Amino acid sequence: MTSKKKPTVYITRKLPDVVETRMRELFDAELNIDDTPRSQPELVAAVKRVDVLVPTVTDRVDAALIEQAGPQLKLIAAFSNGVDNIDVDAAARKGITVTNTPNVLTEDTADMTMALILAVPRRLAEGARILTDRKGEWAGWSPTWMLGRRIAGKRIGIVGMGRIGTAVARRAKAFGLSIHYHNRHRVSPETEEMLEATYWDSLDQMLARVDIVSVNCPSTPATFHLLSARRLALMRPESYIVNTARGDVIDEVAMIKCLREGKIAGAGLDVFENEPAIDPKLIKLAGEGKVVLLPHMSSATLEGRVDMGEKVVINIRTFFDGHRPPDRVLPGRD
Ligand SMILES: NC(=O)C1=CN([C@@H]2O[C@H](COP(=O)(O)OP(=O)(O)OC[C@H]3O[C@@H](n4cnc5c(N)ncnc54)[C@H](O)[C@@H]3O)[C@@H](O)[C@H]2O)C=CC1
Ligand SMILES: O=CC(=O)O
């Protein structure tokens, strides 16, 4: 690549220093040092002149943006696993390749999913808040105080048994949960055997039988409000729902109604339908100890971000070396 002209690469957000240094060495990189989210007009101006766009989950790379791209834009190398913010079909129509950063954030995201699975039934955030809100004043232990619900022996139902779903299942099994899952297709017999997992072709039937639902499928047209009002109503009143995938997989308004009416016991949410805006009713439910809310941080580890950056670099280099990049996202997602 040294003798060739370096590709111009527009990176929409601040990345870890080590990643930015590497981007600068290898590419004609335009960084976002002060990390101000880019506006749509700024993105339009960028795609008109650069070879590569590196967006993150907060950028809307829709058909309107892609249609305005100049002929030199050949690659959208997303700094993210999910690509629901990118119109991959529109990119393909324009001859633009799309890549993402799978695998390197699987374990981190599964860890945080497990943290939420523990936090909600065991009232972890509530307990921590009691001490800090009362500035350490505490009357002491009591047998009937802060009682949560036991994790071991319960059933988890994983919606979307891909990389993260499977990593969640491994953790959940170690905590004594029995594994149930719904997916577009069954996982391998070896994986099912290792996890002692039960496959449910019918999501409806699984929802009615499990104690904790973990949402781990991508946001696609087919998964929009997959957890609809009708399906949420199938869940048992003592069950919990955890979402570290994307907010719009759950009908958030319907979920809030179920939580307020006691039709679902609690929720652990890292993602929201209109993020970064959070429905004030969720904040109120958090105050009542019914939900634990995180600001979309399940994959947020330094190691993960550095590995994601390395993946973006490899995807760009492979592409400009004339090969198929390892993490190409194919159009036609359902
Ligand atoms: N909160 C966070 O910080 C993070 C969130 N994510 C989200 O997690 C999602 C999943 O990531 P991975 O496990 O790596 O993806 P993956 O592609 O390995 O797994 C997704 C699974 O969902 C299944 N699926 C897709 N559509 C379905 C449907 N209609 N019904 C049932 N199952 C369906 C697929 O068959 C696949 O097995 C990402 O798309 C992203 O949205 C990913 C990383 C970090
Ligand atoms: O939500 C994060 C991602 O990388 O996808």
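Okay, before anything else: when I say helix I mean a DSSP run of H or I with at least four residues, a strand is a run of E with at least two, and both are numbered from the N terminus. This is a predicted model, so local features need pLDDT of at least 70 and side-chain atom pairs count only at pLDDT 80 or more, while totals for chains, interfaces and linings use all residues. Residues are numbered from 1 along each chain as its sequence is written, chains are lettered from A and ligands numbered from 1 in the order in which they are written, and side-chain values use heavy atoms, leaving out hydrogens and water.

Pro 276 sits in the loop between β11 (266-269) and α12 (280-287), and the peptide bond joining Glu 275 to Pro 276 is cis, with omega at about 10°.

Then Arg 123, in the loop between α5 (106-119) and α6 (124-133). Arg 123 isn't a glycine, yet has a positive phi of about 60°. Met 146 is another non-glycine with a positive phi, near 60°, and you'll find Met 146 in the loop between α6 and β6 (155-159). Buried or exposed? Arg 123 is partly exposed at 25% relative accessible area, and Met 146 is partly exposed at 22%. For the cut-offs, buried is under 20%, exposed is over 50%, and partly exposed is in between, using a 1.4 Å probe and protein chains only.

Now the sheet. Seven strands make an open, parallel sheet in the order β8-β7-β6-β9-β10-β11-β12. β8 (198-199) and β12 (291-293) are the edges; each has a single partner strand, so one side of each has no neighbour in the sheet. Leu 269 stands opposite Leu 293 in β12.

On to ligand 1. Which residues come nearest? Out of 25 around ligand 1, they're Asn 81, Arg 163, Ile 164, Thr 244 and Asp 270, where "around" means having a heavy atom within 4 Å. For polar contacts with the ligand, I'm taking pairs of N or O atoms within 3.5 Å. A backbone N or O of Ile 164 is 2.9 Å from a ligand oxygen, a side-chain N or O of Asn 183 is 3.0 Å from a ligand oxygen, and a polar side-chain atom of Asp 270 is 2.9 Å from a ligand nitrogen. On its own, ligand 1 has 870 Å² of accessible area, and the protein covers 90% of that; that's Shrake-Rupley with a 1.4 Å probe.

Technical notes:
Polar contact = N/O pair within 3.5 Å; in protein donor to acceptor, adjacent residues only side chain to side chain. Pairing = 2+ DSSP bridges.
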